[in-house]
Structures are given as C-alpha cells and as structure tokens.
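Please read them beside the coordinates.

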Amino acid sequence: MNNILQRLVTRISMAFVLLAALIAAAVWYYWSFGIVPLVSSSEQTKADLLVSHYTELLQDVAEAGIQEDIDSILSQMILLTDPKTNEPMIRSLSVDLFNGIRITKENSAAIDRSESFNVETAIFSRRSNTMLGTLRLVYNGEFFHQLLADARERMLVALGVLFVLSLVIQRFVSRLIAPLERLANNLREIDAQRMPTLVALDEKSSAEILQVWR
C-alpha cells in the first residue's frame, strides 16, 4: 500500500509539472503569434500616421522647390521625441525630389536597436496631382522594445509563480497523504497470527453490538 501511495504522489507531481509546461507553451504561443504582431502593427500604424501628417506639409514646399523650407520641415521631424520614452521618434529620414533636391537627416541620439519601422511614401502636387518625389523615414522602435521587454518580464514572473505554486501544491498533497503512509507502514508490521482472540458474545448482547461484531 505504501508503494501505491508513493506512486500516487509521483503521478500528482507529474500532472502539475505537465500542466505548468502546457501553460508555458500556451503563453509562448500567444506571445509569439499574438502580442508581438499586435504591438508591431500598432507601432507601424503610428509611423504611417506620422508620415502622412508631414507629407501634407511637404507637398506645398516641394512643389515650390524651396530647399530651405524642406530642410526646416525635416529638422522639425527629426527632433520629435516620444513622451513615453523620452527618445527620438525618428532615426533617419530623407526626401528625394525629381527636381534634384535630395536631403537626408539622421538622429545620432536615437538608440541603435534592431527594432525599427520603415515607411516610404510618395509626395504629390496638390494642384496637378503629379508625383514630385518620395519621403523615406525610419521610425524608432525604442517604445516597441521597452513594451515587449516589460511584457516579457511580467510573463516570466507569472511562470515563476506558477512553478512555485505547483511545488507548494505538491508538498501539500504529500503532507495530506503522509498519515496514510504511516498507517500503511503500521498495518504492514502487524502480525495477524499474534492478535488476541476476541471473546465470544452471548445472546444477551444488544442488537447494535452484535451487528458491529459481525
């Protein structure tokens, strides 16, 4: 019986370990195919909206061909700062017009990470609707990096708590079964042949006693 109880504790422990592994796999799957693509899509949308706004400003000055005005708008863009991270929003940008004007600006203050979002859009004339050139922008992915790092840290903490909880539950189950193990050991040590013979009951005993005796 003692072996049976030990096997029971082992199976319960393995069940908790398997449950923790399944939850970890589910969290990894949701992280890889749910959270990361969602956050990446959100940051790409922010970059597209930013470029869309400044493209409208560039349309007039690009059509006029005034290089100083184009350079002024690009200088405003390169100095934009994310209020959440206090990091530059743009790593680099460039304007390439068909009239020969080419301006490129880079932000040396931006942290060089692998996460970045590239946007390229055409600049059209408001009056003739003809294409004047292109605007290229590299959006800083620092907020994306920090957001994923924070979410990754929270998930690791949750998995650690789950692992510790599984150990606590396994220990609790072991303590619950411990009295049964001691009982099994005591029963195994009892010699049935040496047990005293119980006296026989007479017919005057009550019905309840006779029922328990039998």
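1. From the N terminus on, the elements of the protein follow the order α-α-β-β-β-β-α-α. That gives 4 helices and 4 strands, where helices (H or I, at least four residues) and strands (E, at least two) are DSSP runs numbered from the N terminus. Of the 214 residues, 29% count as buried; here buried means under 20% relative accessible area, exposed means over 50%, and partly exposed lies in between (1.4 Å probe, protein chains only).

2. On the basis of these notes: this is a predicted model, in which local features need pLDDT of at least 70 and side-chain atom pairs count only at pLDDT 80 or more, while totals for chains, interfaces and linings use all residues. Residues are numbered from 1 along each chain as its sequence is written, and side-chain values use heavy atoms, with hydrogens and water left out.

3. The 4 strands form an open sheet in the order S2-S1-S4-S3, with antiparallel pairing; two strands pair if DSSP finds at least two bridges between them. Strand S2 (102–106) and strand S3 (116–124) are at the edges with a single partner strand each, so one side of each has no neighbour in the sheet. From one strand to the next the twist averages 10 degrees, with axes taken as lines fitted to C-alpha atoms (for helices over the stretch in contact) and angles running from 0 to 180 degrees between N-to-C directions.

4. Strand S1 (residues 90–97) pairs with S2 in the antiparallel sense over 5 bridges. Within this pairing, Asp96 is opposite Arg102 in S2. The two strands form a hairpin with 4 residues between them, and Gly100 in the turn has a positive phi of about 105 degrees.

5. S1 also pairs with S4, again antiparallel, over 7 bridges. Leu97 stands opposite Gly133 in S4, and Tyr139 in S4 is the bridge partner of Ile90. How much of S1 is buried? The count is 6 of its 8 residues, so S1 is largely enclosed by the rest of the structure. S4 is mostly covered too, with 7 of its 10 residues buried.

6. S3 and S4 run antiparallel and are joined by 9 bridges. Asn118 faces Val138 in S4 as its opposite residue. These strands form a hairpin with 6 residues between them, and the turn includes Asn129.

7. Two backbone positions deserve a look. Most residues other than glycine have a negative phi, and most peptide bonds are trans. Asn129 is not a glycine, yet has a positive phi of about 60 degrees. Asn129 lies in the loop between S3 and S4 and is exposed, with a relative accessible area of 57%. Asn86 also has a positive phi of about 60 degrees, although it is not a glycine. Asn86 is in the loop between helix H2 (67–78) and S1, and at 62% relative accessibility Asn86 counts as exposed.

8. Rolling a probe the size of a water molecule over the atoms shows where empty space is left. A search of the whole structure finds 1 cavity of 30 Å³ or more; on a 1 Å grid over the protein atoms alone, a cavity is a set of points where a 1.4 Å probe fits but cannot get out, and lining residues have an atom within 4 Å of a point. The largest cavity has a volume of about 40 Å³, that is, the space filled by probe spheres set on the points, with grid points joined across faces, edges and corners.

9. Which residues line the largest cavity? They are Asp82, Thr85, Glu87, Pro88, Met89, Tyr139, Asn140, Glu142 and Phe143. The elements that give two or more residues to this lining are strand S4 (131–140) and helix H3 (142–189). By class the lining has 4 nonpolar, 2 polar and 3 charged residues, where Ala, Val, Leu, Ile, Met, Phe, Trp, Tyr, Cys and Pro count as nonpolar, Asp, Glu, Lys and Arg as charged, and the others, Gly among them, as polar.

10. Finally, the aromatic rings. Rings of Phe, Tyr and Trp (its six-membered ring) pair if their centres lie within 6.5 Å; planes under 30 degrees apart count as stacked, over 60 as edge-to-face and the rest as tilted. By this rule there are 4 aromatic pairs. The ring centres of Trp28 and Phe33 are 6.2 Å apart and their planes are at 85 degrees, so this pair is edge-to-face. Trp28 and Phe33 are both exposed. Ring pairs link Trp28, Tyr29 and Phe33 into a cluster.

How values were computed: On a 1 Å grid over the protein atoms alone, a cavity is a set of points where a 1.4 Å probe fits but cannot get out, and a pocket is an open set with protein on both sides within 12 Å along at least five of seven lines; lining residues have an atom within 4 Å of a point.
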